[in-house]
Amino acid sequence: MNQANNRRGFLQAGAALAGSLLLPGALAAPGGQRLRLGMIGTGMRGQVLLRELLRRDDVEVAALCDIDPVMLGRALALADKLGKPRPRTFGEDRDPQAYKRMLDSRALDGVIIATPWEWHAPMAVAAMQAKVAVGCEVVAGITLQDHWDVLDTQLSTGTPYMLLENVCYRRDVLAVLRMVRAGVFGELVHLQGGYQHDLRAVKFNSGDPARPYGGGVEFGAKGFSEARWRTDHSVRRNGELYPSHGIGPCAMYTNINRGNRFTRINSFATKARGLHDYIVKEGGANHPNAKASFSLGDVVTTTLATENGETILLQHDTSLPRPYSLGFRVQGTKGLWMDLNHGIHVEGQSKPHQWDEFKAWQDRYEHPLWRKFAAQAEGAGHGGMDFFVIHAFVEALKARAPMPIDIHDAVTWSAITPLSEQSIAQGYQTLDFPDFTRGGWRTRKPIFGFDDRY
Ligand SMILES: NC(=O)c1ccc[n+]([C@@H]2O[C@H](COP(=O)([O-])OP(=O)(O)OC[C@H]3O[C@@H](n4cnc5c(N)ncnc54)[C@H](O)[C@@H]3O)[C@@H](O)[C@H]2O)c1
């Protein structure tokens, strides 16, 4: 039996035993076997994650798939630069289904999906059906039905699935998780987060692969990287299009799906001005794209209610000039933290009505993961958190442990988008939030961020 079949054999045996918690049997092989991982989508994000994979000794990047030869070439160059063997490649023929051949090659323990949003659900479903563990970039799907499909495929196949939500691993975010669990803020009452990031120079460029950010006002077929696909979502859709960076940490703080759940949701959207104004400013009023109309409100505000009585407010704000901020606020009966002013106030410990500088508190409550791996995370994307999210996926897979950000987290956070679109389309109606745990939230226990493993 060759190595690939061996892996498959372990997986199938594991599936029979472990039901919905199947973990890759291949890794049960003795001798510290390395994970053989593939990647679908080696674009700007894929390359950042690829660097993290290539830096590791416990991972062999065995296969890459992308339908853009420029991006595939850059990924191969990265492997060369870091002195790693060239992975097998798929997609040179520009066949959008090429990833299926990669999954069928039966040589992979897991796959990282870093493609445009509309591909995440079908690719994750195909990978899980092929018994290839999935690390999926945010989001999990587009429609509500996508989310049920991804969930039910994970449950029926037992193939591990993790949403690669990196902000959950941010240094201050993890320190605050420890503070929440230590009761520093008392009982949680209200939280805020969001995605507040001026993406105008991401949504538009000249199409020149040498300059992916800004330098033009093209999008769609004439754009490059995210301008090629992401901008179209702003044309067609109006809602909280990118919820997980904000909701991920807030959901972990409030134990969503693990003793708590979202019950109701609504969204409000402003008018859409920013993208049109940017096109006119950068490309002139006569540029053909000045006629494009955008559905996405410049600021979309979403409110969620939870079973345990908290409210969570999310803001999506990507089309106007503004400095980056995720706008976190965690507020309880004893005090609050806000990331924008790096401030914290804890009654009885802070001076009345005054903010303390957060840094001293962060040092005091430094998360064990950061205490252990800060040096290794140095230089990794997004201030180090990209090291941690890849580390978590790899270590959980090797340990055959449940994924720290699991399928229920993934679909619950990501389904905020279609629900938010529905709320706006129905005149800002408040909707029931589906229970993706089918009642399991009552007994499921929190697993994220308890120690220094993942
Ligand atoms: N977590 C984060 O901090 C973070 C940051 C940036 C992007 N992202 C996410 O990562 C994903 C990718 O974003 P990006 O910035 O790399 O975009 P990108 O456009 O630079 O890369 C996407 C790649 O997918 C490839 N692709 C498209 N369809 C394909 C198919 N059918 N088969 C194979 N390859 C295909 C494209 O050719 C492209 O190279 C998105 O979901 C995005 O939201 C996450």
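Begin by selecting the two domains: the centres of domain 1 and domain 2, taken over C-alpha atoms, are separated by 27 Å. Domain 1 covers residues 3-159, and domain 2 covers 168-369 together with 407-442; such bounds come from an automatic or database domain assignment. The model is predicted, so local features need pLDDT of at least 70, side-chain atom pairs count only at pLDDT 80 or more, and totals for chains, interfaces and linings use all residues. Residues are numbered from 1 along each chain as its sequence is written.

**The whole chain**

Colouring by secondary structure shows 16 helices and 15 strands. These are DSSP runs numbered from the N terminus, with helices being H or I of at least four residues and strands E of at least two. Buried residues make up 50% of the chain; a residue is buried if 20 or more other C-beta atoms, placed from the backbone, lie within 10 Å of its own, exposed if 12 or fewer, and partly exposed in between.

**Where the domains meet**

Next, select the boundary between the domains, where 16 residues of domain 1 are in contact with 14 residues of domain 2. Contact requires that the C-beta atoms, placed from the backbone, lie within 7 Å. On the domain 1 side, helix 6 (residues 144-157) gives the most, with five residues. That side divides into 11 nonpolar, five polar and no charged residues. Here Ala, Val, Leu, Ile, Met, Phe, Trp, Tyr, Cys and Pro count as nonpolar, Asp, Glu, Lys and Arg as charged, and the others, Gly among them, as polar.

**Around the ligand**

Now centre the view on the ligand. Of the 27 residues around it, G41, G43, R45, D68 and M71 come nearest; a residue belongs here if its C-beta atom, placed from the backbone, lies within 6 Å. The shell draws at least three residues from each of domain 1 and domain 2. Helix 2 (44-54), helix 5 (117-129) and helix 9 (226-236) each supply at least two residues, and helix 2 gives the most, with three. By type, the shell holds 12 nonpolar, nine polar and six charged residues.

Then select the open sheet of nine strands, whose order is 14-13-12-11-7-10-9-8-15 with mixed pairing. Its edge strands are strand 14 (356-357) and strand 15, each of which pairs on one side only. Two strands pair if DSSP finds at least two bridges between them. Strand 8 (residues 262-269) runs antiparallel to strand 9 (residues 299-306) over seven bridges, and S267 has T302 as its bridge partner. Strand 8 also pairs with strand 15 (residues 431-432) in the antiparallel sense over two bridges, with R264 facing D432.

**Backbone details**

Between strand 5 (133-136) and helix 6 lies V139, and the peptide bond from V138 to V139 is cis, with omega near 15°. R106, in the loop between helix 4 (98-104) and strand 4 (110-113), has a positive phi near 60°. K131, in the loop between helix 5 and strand 5, has a positive phi of about 65°. Which of these is buried? K131 is buried, with 25 other C-beta atoms within 10 Å, whereas R106 has 14 C-beta neighbours inside 10 Å and therefore counts as partly exposed.

Methods. Two residues are in contact if their C-beta atoms, placed from the backbone, lie within 7 Å.
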